[in-house]
Amino acid sequence: MATDSDGGIQLEYGLDEKPPLPKSILLGLQHVAVMIVPATAVAYVVGGEVGLGPDTAYIVQMVLLFSGLATMIQAYTVGPVGARLPIVMGSSFTFVGASISIGLDYGMAAVFGAILVTGFLVEGLIGWQFKRIKPFFPPLVTGLVVVIIGLYLIPVAMDYAAGGAGASDFGALYHTGLAALVLAIAVGLNMLTRGVTRLLSVLVAIAVGYAVAVAVTFATGLELVDFSPVGEAALVAFPEPTRFGFEFEPIAIATFAVLFLVSAMETVGDMSGVTAAEGRNPTNEEFRGGLFNDGLLSSVGAVFGAFPITSFSQNVGIVNFTGVMSRHVVGIGGLFLAVLGLSPTVGAAVTTIPSAVFGGAVLLMAGMVAASGFRLIVTHADLDRRNTVVVAVSLGLGLGIATTPEALAGLPDAAETFFGQPVIVTALSALALNTFVPGEQSPLFDAVADADGTTGSADAATAPTDD
């Protein structure tokens with residue numbers, strides 16, 4: 001059993017530790033259970049809006065397959081690609097709006113052409129040069145990105161808990177009751193039990209919630225669980241390269257380039273959230289490999305019809321909630337995802353789990369993500385007047401955009417799309433304030449101090465160095 005690091009949490013299993021295989025399998029399934037619906041929801045939403053029909057199921061399959069491959073590479077690495085960290089990968093909602101609008105205006109060939117070009121070009125370049133730009137991303141900045149990711153996920157989790165956005169019975173008591181049951185079981189097992197029941201608290205809660213939903217469906221006639229997709233799905237299906245073709249539209253490429261910048265910020269935040277469990281920030285090599293993985297697998301996936309793959313924040317919450325940081329557990333989860341991507345029948349069976357059941361689990365995970373971000377800030381950055389202002393302004397603007405996006409209606413469409421992303425607004429605000437306001441974590445301030453041999457303040461004179 002791993003001990004807790006300075007500023008970290010008590011870990012049941014450290015980064016390179018291997019739990020017994022049966023326990024590892026269950027822990028890996030827990031990671032899959034928490035992320036599979038939101039990961040595949042991107043394909044369902046885009047496919048429905050663009051009118052892809054049967055092709056939607058194929059894209060779902062490809063999202064699962066490449067999520068699994070990217071997760072395994074993240075855990076074990078292939079050359080310089082991968083971080084050797086327990087990061088679960090999946091398709092991000094960051095790209096939904098652009099995929100729909102570009103898909104409607106130019107066709108899906110333009111969408112996948114833009115992903116192919118910008119995926120590795122943008123995130124690969126950031127990863128390659130990350131050692132140079134790392135001073136601009138101290139724990140104060142990356143911690144704020146982790147916090148806003150978690151807080152931004154909470155409304156999404158509440159939508160799931162109420163039955164799913166757009167559901168005709170949205171907010172019905174049986175939906176919120178299921179979500180509350182899952183949340184209560186997960187928290188109760190985690191806080192009041194020990195051993196395997198605590199480690200698998202989220203998986204047990206989802207399983208109980210699903211069983212209750214099935215029982216209610218048969219007892220009352222409410223369609224909480226719909227098994228029809230299972231019968232309609234093929235048993236096995238294989239990837240088809242260039243199924244949608246490629247077109248290279250400048251507007252589409254520019255749009256996705258910006259969104260991959262956002263994805264890189266999210267990945268930096270998620271990686272920081274995971275290593276915060278050990279009381280540290282990721283190393284240069286971990287950052288570089290993780291960003292390479294994001295970009296490369298997104299570009300390769302586009303050849304087969306998968307939407308961009310990036311780190312999944314709710315699984316960062318699982319690591320911090322359970323204290324299981326083993327990358328081998330996440331690698332097993334990636335293997336399950338890849339198998340699901342080759343078997344539409346199995347994938348369809350998993351997606352019969354009601355949104356409300358996942359809502360209770362994702363709500364807990366979103367809160368844990370935000371909490372890990374706060375812990376990263378408090379552990380590595382003194383909340384003096386300067387840093388408190390950075391936190392206040394960055395979170396205030398990010399949450400303001402998240403809750404009132406119509407406030408940007410007067411901006412040009414491109415600017416509204418860009419600044420309508422809470423993660424972008426929070427990250428850029430924190431980056432700008434931390435860079436240009438003198439303080440221990442300001443790279444410009446440190447550069448001036450190094451140049452003249454002075455720090456300009458007593459606090460900076462005692463600031464620790466970052467190797």
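The model is predicted, so local features are taken only where pLDDT is at least 70 and side-chain atom pairs only at pLDDT 80 or more, while totals for chains, interfaces and linings use all residues. Residues are numbered from 1 along each chain as its sequence is written, and side-chain values use heavy atoms, with hydrogens and water left out.

Let us begin with confidence. pLDDT is the predictor's confidence in each residue, from 0 to 100. The protein averages a pLDDT of 85, and 93% of the residues score at least 70. Over residues 449-467, however, pLDDT stays under 50, and the model has 13 contacts beyond four places in sequence for that stretch. A contact here means heavy atoms within 4.5 Å. Where pLDDT is low, the predicted coordinates should not be read in detail.

Now for the helices, which are DSSP runs of H or I with at least four residues; strands are runs of E with at least two, and both are numbered from the N terminus. Two packed helices are described by the angle between their axes and the distance between the axes. The axes are lines fitted to C-alpha atoms, for helices over the stretch in contact, and angles run from 0 to 180 degrees between N-to-C directions. Angles under 35 degrees count as roughly parallel, over 145 as roughly antiparallel, 65 to 115 as roughly perpendicular and the rest as oblique.

Take helix α3 (residues 96-106) and helix α4 (residues 108-128): their axes come within 6 Å and cross at roughly 130 degrees. That makes α3 oblique to α4. On the α3 side, Ser99, Ile102, Gly103 and Tyr106 meet Met108, Ala110 and Val111 of α4. Just after α3, Gly107 has a positive phi of about 100 degrees.

Helix α11 (residues 250-275) and helix α13 (residues 313-322) have axes that come within 9 Å and cross at roughly 10 degrees. These two helices are therefore roughly parallel to each other. Asp270, Gly273 and Val274 of α11 make the contact with Ser313, Val316 and Asn320 of α13.

What about the inside? A residue is buried under 20% relative accessible area, exposed over 50% and partly exposed in between, using a 1.4 Å probe and protein chains only. A nonpolar core is a set of buried Ala, Val, Leu, Ile, Met, Phe, Trp, Tyr and Cys residues joined through side-chain atoms within 4.5 Å. The largest such core has 114 residues, and Met108 and Phe307 are among those with the most contacts inside it. Phe307 touches, among others, Val46, Ile59, Met108 and Phe112. A second, separate core of six residues includes Tyr13, Leu200, Val324 and Val329.

Thr142 sits in helix α6 (residues 139-161) and counts as buried at 1% relative accessibility. Its contacts beyond four places in sequence include Phe137, Val268 and Leu376. Gly398, in helix α17 (residues 385-403), is buried with a relative accessible area of 0%. Beyond four places in sequence, Gly398 touches Ile148, Pro422, Val425 and Thr426.

Finally, look at two loops. Arg84, between α2 (55-76) and β1 (89-91), has a positive phi near 60 degrees and is partly exposed at 38%. Thr242, between α10 (228-232) and α11, has a positive phi of about 55 degrees although it is not a glycine, and Thr242 is partly exposed at 44% relative accessibility.
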